[in-house]
Amino acid sequence: MISYELMGISVLWLFLYGYLIVASIDFGAGFFAFYARSTKQDHVMNRLISRYLSPVWEITNVFFVFFYIGIVGFFPDTAYYYGSALLVPGSIAVILLAIRGSFYAFENYGSKTNIIYLFLYGATGLLIPASLSVALTVSEGGFILKEADAVSLDYWALFTNPLSWSIVGLAIVSVLFISSSFLAFYASRAEDHSALKLLRTYALFWSTPTIITALTAFIFLGQHNERHFQNMMDLWWLLGLSVAFFMVAMWLLYQGRRYGLAFICIMLQFFSAFFAYGIGHYPYILDPYITIQGGATSPSMGFALVVAFIGGLCLLIPSLALVFKLFLFDADYVKGKK
Amino acid sequence: MAVDTVFWSKMVTGMTLGFHAIFATIGVGIPLMIAIAEFIGIRKKDPHYILMAKRWSRGFIISVAVGVVTGTAISLQLALVWPHFMKLAGNVIALPLFMEVFAFFFEAIFLGIYLYTWDRFKNPYIHWLLTIPIVAGAGMSAVFITTVNGFMNQPGGFVMEAGHFTAVDPVQAMLNTATFSKVFHVLSSAYLTGAALLAGIAAFTMLRKGRSAYHKKALNLSMAAVLLFGLLNTLAGDVSAKFLAEHQPEKLAAAEWHFETEKGADLILMGWLNAEHEIIGAIHLPKLLSFLAFGDFNAEVKGLEEFPLDERPPLLVHYLFDFMAGIGFALLAIACLYFLFVFWKKRNELNKWLLRILALTAPLSFLAVEFGWLYAELGRQPWIIRGYMRVEEAATTSPSVRLLFFLFLLLYIALAVVCVLVLRRLFHHKPAEAEMETWMKEKRDSSKEGGERA
């Protein structure tokens, strides 16, 4: 029987991974929608994008809040340290999320032609991952100033460190890569050939920068946090698996067939890399202040949260299955016949 | 500087919550009205009611968007602005926060399905069934969050040991003594406000553009709900006052300007205080406070004198309380007046003056929600967790919080302005009657084609 705090962090990490995928699709779609509009290619794919996004946009946001509430619940110390340190970047992310969510709804349900709404929607899609990635950088340690009774962020250290910039770069590029490959898959299901052609080009284009920025971030991590780097090197097989999935996905995309399988490979590529990173982080949640064991909530609360979580999943999984059945895998809906 | 950050922390949170409260109330109240309208529409085979549900849900989704993003903002601000509070209480309140996210998730999923499946089911009741998880999810979100507020007022379910909460029982913390009355009052007032908003819109539209069958039906339905939830809400208010008298007497005493403990206490309405803290110009209703607090005209009500000076809520809450309760009774009176006119055939319930009064129900009910919420928060001062942690001990120490206040202010102004503009555009050029006609025409056309879409 594994301890509840380990179970908690694993589930939360899984949720963060879920957020990474669905949010990337959403963020990137916003950017592509805007890019297509400004290069006058929107007739090709914006209908496709809005068809997919319309029913699922709030769901994405909930993944994030879920992770946040979960981590604060299981590890209350994170609220104190991250909360104090990330007041400014966190608030900026909140404001961007607010602009994005509301303006998407305004554009989608309100006025169909407003380019400003679409610009806000597209621009925030790249800025949000950049501002959220600060939390990952901070977790590596060395960016927090701790005095007697106050915790604050060392902005100078953060902005002059190549690690933070490489993580920002990786976040943005992966968003575009994940999103374009998913949308290519969606277009192929919808048998929308012109959109598929365009999106396949985007996916191929963003693949190389993804692997380059990932490698760069990994090298800078090695310079910044030796322990984490070594732990990840011990998980070399996971990293290798990640690269292998990437190669398979590239080959499929290049061949222009089995887009669904290609996207699954990309999901697995990020899954193995994300878990190699996460497991390598163990036991720290915030190096060196919070560990999984030291920061965990009381056992009774941990137990209650696990029970609530299982109960919640029993409600949510069938409902999500219904959404997927109605919108994502209903061929007629995808093709725009419903 | 420390005082300064506390002040701005309060401001930024107060502003976010005050703004969110509008959309949260809509978010809880309107789904129920949509569900009722669609049900009546299917039952009576009256397309007016179906159109009502359609139009309401179309406007509703815009406000949901603002509610979602401000709700995300407030949940993150809990940790960002009040890190010491979350460090201490996170252990205890995580469970309801966690379940709130689930409830909302559940609601969001079905709302997404509901909006995009209007004509996808053969049996119209299947589409109507989708409103149940939406109404339930919205209601449960409110319940879970309100338990957290209840905990801040009536902390329980833990043992305080060396500055930490230990031996935590999260379920007991959720079911604290404040929970029942608060949940009851929050839900009844949200349903009341949702109904009042729709009634106000129907009345306002008829004032501007003349009467129509659609708006008449909408007004009738909403006013019936205003009457019902107005009564329930009055009951909830009474339960809340009795709860306060027993468990949190300083909050009630501050709201009623009841300074000295006495039997047969008077109820004081409005008035003001002079330099010597004497009440001037108020209406005194003899012994009524004792009756409201304990159901007995001679019961003893605790006065503010029994509490140390630095643990008394601000006396301003008296006005907030009076306005909130006053509006509550006014809404009930307006609903009674309306139905008096409806049933008394000689009078026209759609005369100009009555419509004007009815149009007022929408802004009034939201004002009451804001006053009530402010009273609940200010009445708990100086505590963030009553008896355990003061507000100033909980706030962040980062001075940037002042700058953030102005950033968030800009955000909320932009959201409010654009939200109103979008809603205007959505309904302004598309009056209900015109939409009804095009919809009926489409229906005829498609039935001619012979059930191809089914």
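A:F67 is buried, its relative accessible area being 14%. The structure is a predicted model, and this residue belongs to helix α3 of chain A. Once neighbours within four places in sequence are set aside, A:F67 is in contact with A:L12 and A:L16.

A further relation involves A:Y19, which is 48 residues away from A:F67 along the chain. The C-alpha atoms of A:F67 and A:Y19 are separated by 8.3 Å.

## Interface between chain A and chain B

Chain A puts 66 residues into the contact, and chain B puts in 59 residues. The size of an interface is often given as the accessible area lost when the parts come together. For chain A and chain B the buried area is about 5600 Å², and carbon and sulfur atoms account for 81% of it. On the side of chain A that touches chain B, two or more residues come from each of α3 (57-74), α4 (76-85), α5 (87-110) and α13 (299-328) of chain A. Among these, α5(A) supplies the largest share, 17 residues. By residue class, the side of chain A that touches chain B holds 43 nonpolar, 18 polar and five charged residues.

How many salt bridges are there between chain A and chain B? The count is zero. For polar contacts, the rule finds one residue pair across the interface, with both residues at pLDDT 80 or more.

## Nonpolar cores

In soluble globular proteins, nonpolar side chains tend to be buried together. The largest nonpolar core in this model has 246 residues. The members that touch the most other members are B:F85, B:L219, B:M223 and B:F408. Helix α3 of chain B, residues 83-116, gives the most to this core, with 23 residues.

Not counting residues up to four places away in sequence, B:M223 touches B:A199, B:I334, B:A335, B:Y338, B:F339 and B:L358.

## A buried lysine in chain B

B:K54 sits in helix α2 of chain B, which spans residues 47-81. Is this lysine buried or exposed? With a relative accessible area of 13%, B:K54 counts as buried, because the cut-off for that class is under 20%. Apart from neighbours within four places in sequence, B:K54 is in contact with B:W118 and B:W439.

## Salt bridges within the chains

Over all chains, the rule gives eight salt bridges. One of them joins A:D26 to A:R100, with the closest N and O atoms 3.4 Å apart. This pair links distant parts of the chain, 74 residues apart: A:D26 is in helix α1 (residues 4-38) of chain A and A:R100 is in helix α5 of chain A. A:D26 is buried at a relative accessible area of 7%, and A:R100 is buried at 4% relative accessibility. Helix α5 of chain A is also the element that gives the largest share of the side of chain A that touches chain B.

In chain B, B:D46 forms a salt bridge with B:K217, and their closest N and O atoms are 2.7 Å apart. B:D46 is buried, at 13% relative accessibility, whereas B:K217 is partly exposed, at 23%.

B:R390 and B:D310 meet through their side chains in a salt bridge, at 3.9 Å from N to O. Which parts of chain B does this pair tie together? B:R390 is in strand β10 (residues 389-390) and B:D310 is in the loop between β8 (300-301) and α11 (317-343), so the parts tied together are 80 residues apart in sequence.

B:R390 counts as buried at 18% relative accessibility, and B:D310 counts as partly exposed at 47%. Shared partners extend the arrangement: salt bridges join B:D310, B:R390 and B:E392 into one network.

Definitions and conventions:
Residues numbered from 1 in each chain as written. Chains lettered and ligands numbered in written order. Predicted model: local features only at pLDDT ≥ 70, side-chain atom pairs only at ≥ 80, totals over all residues. Heavy atoms only, no water. Contact = heavy atoms within 4.5 Å. Buried area = accessible area lost by both parts, 1.4 Å probe. Salt bridge = Lys/Arg side-chain N within 4 Å of Asp/Glu carboxyl O. Polar contact = N/O pair within 3.5 Å; in protein donor to acceptor, adjacent residues only side chain to side chain. Helix = DSSP H or I, 4+ residues; strand = E, 2+ residues; numbered from the N terminus. Nonpolar A, V, L, I, M, F, W, Y, C, P; charged D, E, K, R; others polar. Core = buried A, V, L, I, M, F, W, Y, C linked by side-chain atoms within 4.5 Å. Buried < 20%, exposed > 50% of the residue type's maximum accessible area, 1.4 Å probe, protein only.
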